[in-house]
Amino acid sequence: MKKEWKSPFWETAAKDRLTVRLNITHDDGSFSTSVARVSKYDENGKITSDYNEVLEQNPIESIDKFTEERLERHRQEREAKVKKQQERNEAKRLEDLFNAKLATFEIPEIKQSKNRKMKAKIRKAKNSVEMQAYATILLMEIMNEQADGESK
Amino acid sequence: MNKQTENPSKGFVVVATKAKQFLIGAENVCQSILDHYEDAKVTLFCEQEWIDDPANEMYFVDFDQVIGTPGNHTREKMWGMANSPYDLTFYLDADVEIAHDDIKDSFDRLDGHDMVFVELKRETKGHFAEWDWGNGKLDHLTHCGGICLYDKRNPLVVDFMNDWYYNYKDTLDGKFKPKEYEEVPDSFKQWDQLTLWYQLWHDPKYKSIKWKYFEDNYRWNYYTSFGFNKDGTHNYDTVDPVIIHYSSWMDKSGSKGFL
């Protein structure tokens, strides 16, 4: 039976426990692989044979390096995931804002308004508060014009 | 060179069929163009039934022309492109919005070419429902069909749009199957970009067409799914997009929301 300990990395900052892939080629030629957890010490405080075997095949410097690279890779993946989610959220917010603007332009008084400048401001609004503020201003203007017209 | 050639007419084309939200979207496209380019001419192609309905008149106010399409197929857009009233035409999907004054100079981007497109790049493949079917250089949907800048003074360009219209419909019906389609999975045949891909890369009739991609590619069709960063920047080498495409969250069947 041949045991190969591959890609070990420290599980703890104290460097007393490893996670490692264990490949075994059995005497009958069959092959098996598994992920193993290897402790440095047994219950009596003695260094385990598995731990010694891992270190024979993998110098401690390479374990340190692999551990650091793995942590860095995970950190980058986490950051990428967070960034992607933020982008999705922002895209969704803008899509919702876009729909809300189109709904605003469907208000009959706004649709019929010739005030292109204010309509452009509604279209270019960066958020729903800004959009609603401009829509309200435009509606107020329209209502004031209507009131003026009626009083004349 | 005649006078028409020396002073080509310029305008935008938007097409809306199938669902009312596209009419609402098309009006917004038109007004967003006018926000940045006051003298722009924009023609709407939509279902004749909608034109005949007086309730829709309010949507047509800002358009230069409103022209009925022969049918209500999803891709009447190609018919509209072929029948544009302008020599130099910028076709835009009805779910885009103009966001930058550079739209005023868009026709200069033709720069002696017959057509200008946005390239669908490999780095953005994750944003599309389907993109590639192999590892070859052309084994993917290469051109975005959502916008197209073109010069109709070359009669071959009009033929191109008409063929795109018919070839796409025939592809859907299983009647159009050039040998280049043999390696392409059936699911890709639902996209009009596949017909566009065939005509641009493989159709011998259109070998002489001069086409290119926009140099500042995704500025001219920036999908909302590409992301908007907190610091105001954009992704995929895009600075200050001219056209924002709101397609990714749009409810095209109209059953979920306003659009």
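## An exposed aspartate

D108(B) sits out in the open, with a relative accessible area of 54%. That puts D108(B) over the 50% mark, so it counts as exposed rather than partly exposed. Keep in mind that we're looking at a predicted model here.

As for where to find it, D108(B) is in the loop that links β5 (96–98) and β6 (115–117) of chain B. Trace back 20 residues in sequence from D108(B) and you get to L88(B); the C-alpha atoms of the two are 9.8 Å apart in space.

## From L88(B) into the sheet

L88(B) is also a handy way into the strands, being the bridge partner, in β4(B), of K10(B). The strands involved are β1(B) and β4 (residues 88–92) of chain B, which pair in the parallel sense over 5 bridges.

β1(B) has another partner as well: strand β2 (residues 42–47) of chain B runs parallel to it, and 5 bridges join the two.

How covered is strand β1 (residues 10–16) of chain B? Mostly: 6 of the 7 residues in β1(B) are buried. As a general point, side chains in a regular strand alternate between the two faces of the sheet.

## Where chain B meets chain A

Now for the interface. On the chain B side, 29 residues are in contact, and they touch 21 residues of chain A. Between them the two chains bury about 2,300 Å², with carbon and sulfur atoms giving 58% of that area.

Which parts of chain B supply residues to the side that touches chain A? The helices α2 (20–36) and α4 (57–60) of chain B each put in at least two. α2(B) has the largest share, at 8 residues. Sorted by class, this side of chain B has 12 nonpolar, 12 polar and 5 charged residues.

## Salt bridges and polar contacts

How many salt bridges run between chain B and chain A? The count is 4.

Key. Residues numbered from 1 in each chain as written. Chains lettered and ligands numbered in written order. Predicted model: local features only at pLDDT ≥ 70, side-chain atom pairs only at ≥ 80, totals over all residues. Heavy atoms only, no water. Contact = heavy atoms within 4.5 Å. Buried area = accessible area lost by both parts, 1.4 Å probe. Salt bridge = Lys/Arg side-chain N within 4 Å of Asp/Glu carboxyl O. Helix = DSSP H or I, 4+ residues; strand = E, 2+ residues; numbered from the N terminus. Nonpolar A, V, L, I, M, F, W, Y, C, P; charged D, E, K, R; others polar. Buried < 20%, exposed > 50% of the residue type's maximum accessible area, 1.4 Å probe, protein only. Pairing = 2+ DSSP bridges.
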